[in-house]
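Open the model in your viewer and keep the selection tool at hand.

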Amino acid sequence: MTHDLVGVGLGPFGLSLAALADGVPELDAVFVDQRDSFSWHPGLLIEGATLQVPFLADLVTLVDPTSRWSYLSYLREQGRLFRFYFAERFLVPRREYDAYLRWVAHALPSCRFGTRVDAVVWDEVGEVFRVTTTEVASGRSETLEARAVVLGVGTEPVVPEAFAGALGKQVVHVADYLDSRPLLLDAGSVTVVGSGQSGAEVFLDLLQAQAETGSSLRWLSRTQAFAPMEYSKLGLEHFTPDYTAYFHGLPEETRDALVPSQWQLYKGISADTIAEIYDLLYERTVDGRTVDAELRPGVGVTACATDGDRLRLTCRHLTQQREFEVGTEAVVLATGYAARRPAFLEPLLDVLDLDDRGRYQVAADYRVATAPSVTGGLYVQNAEAHTHGVGAPDLGLGAWRAGTILSAVTGRQLLPAHQGAFTTFGAP
C-alpha cells in the first residue's frame, strides 16, 4: 500500500500537518515519532510561563478555524470554555498549550508513537519513497511507501563550543531545566548563559526562589541588551506569509546576513517577563538591601574549566574587548536550538541538492531540492530559516506552512484567502 504522505516527527509542526490532513478527504497520511508519547519542551513548562503567541496560533485555526482540532475545541471538550472566556487571556499558559497538543496527538488516528525511522530511500523504479521503521517496544520492522515525505524532526539544543563535553550535573541546557531544578536550587551560585525568553524565564524562576535558596545568581548574554521582543502590530507582520515570500526571493547572501540582524524578532524577551524581573529586583533592594544577582549583557563565554567543585568561566566583553573570569557552581545554557539533518536521510544524500553550507535548498512550498530523478516530494518543517526567514520556528506560521505543504502534495488549494500584510516588503 502506498501512502500519499508520511510525516516524520510529531512536534507542534508535524502535529499541525497531521491535524489539517485529517480534514482532507481521501488523503492517506501517516505520521510517526520515536517517542512513546507526545511532549513539548517538558523542561520549560515552568509554572506561570505563557506562550509568546496568541492562542489562535494553534495547530489549525489560522488555516481552518472550523477544524475539530482547534484550541477552542479542546477547551470545549475539557469543559473549560467559560473559564477561558472569563480569564480573558490572549496568551495562554504554556502548560495548558502542552496539554492541548497532547490531546490532539493521542486522538488523531494517523499518529503513531513509539515508531523510529531508520532510513528513507527513493525507489526510482516504483517512484516512491521507502521509509523503513522500527517499532521501539517490539523491535518489529516495517517499510512504508509514500509519494511524499515531510520532515518534522524538530531542532536540537545548541551547546556552545566553550561548553563542549561539559554537560552534566553542573552544566545543563534549558531543555532539561525542570529535571535539573532541584540540583540547581541547591547550588550556591548559578549562572544563566544566553538571554531570549527561555533564559529570562529561568533567571526569573531562580530569582523568585533566591529568598529560600540564598544562591548567588548571574545572567550573561551575548546580545547587547536584555531587550524586549518586537511585539508591535506592524513589527509582527514579519510573521506573515507576505514577509516569508519576500524573504524567500532574496539572494542567499542577503538572507544569511539579514536573519542575525533581526534578533529582537526571535531572541527578545517578553516585556512582561522583563518587568517581573525588574520589579522583583527593585523590591529586594528596598531599605538599602542588596540582591546577589548580576545581569551582564554583551558578554560571550569563551571557555569553561573545572576548579575543584566549581566551574571557572572565561568571558569576553564583546564591545570593550576585555577578558575576565567568573566562578560558579552551576550553569544553565539558554543558548537556543538548531535544525539538524537526521541520520535516516543518509541514503538520500546523493540526490539532495544542498547549498554550499550543506543546508537544504527549500522552495517556496517547502519542498527540498533534489535530483531530477526524484519525482516524489520531500518537504521540511522548521529547517528553513535560512530560506524562509525568522518565521520558520514561529507557532503562528505553523498551520500556514502545513497548509502550503498539503496543497503541494494534493494539488489542491487548501489555504484560505489571505488579505495580506499592511506592510509592503520590497521595492515596487
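The tour visits a pocket, then the cavities.

This is a predicted model, in which local features need pLDDT of at least 70, side-chain atom pairs count only at pLDDT 80 or more, and totals for chains, interfaces and linings use all residues. Residues are numbered from 1 along each chain as its sequence is written, and side-chain values use heavy atoms, without hydrogens and water.

**Stop one: the second largest pocket**

Select Thr 50, Gln 197, Ser 270, Asp 272 and Thr 273. Of the 21 residues that line the second largest pocket, these lie nearest its centre. A pocket is an open set of points on a 1 Å grid over the protein atoms alone, with protein on both sides within 12 Å along at least five of seven lines; lining residues have an atom within 4 Å of a point. The space here is about 410 Å³, counted as what probe spheres set on the points fill.

Next, select helix 6 (196-213) and helix 10 (271-284). Each supplies at least two lining residues. Helix 6 gives the most, with 5 residues. Helices are DSSP runs (H or I, at least four residues), numbered from the N terminus.

Now colour by domain. Domain 1 (2-156 + 337-410) and domain 2 (159-229 + 267-333) each give this lining at least three residues. The bounds come from an automatic or database domain assignment.

**Stop two: the cavities**

How many cavities of 30 Å³ or more does the structure hold? There are 3. In a cavity, a 1.4 Å probe fits but cannot get out. Select its lining residues, including Thr 244, Tyr 366, Glu 384, His 388 and Trp 400.
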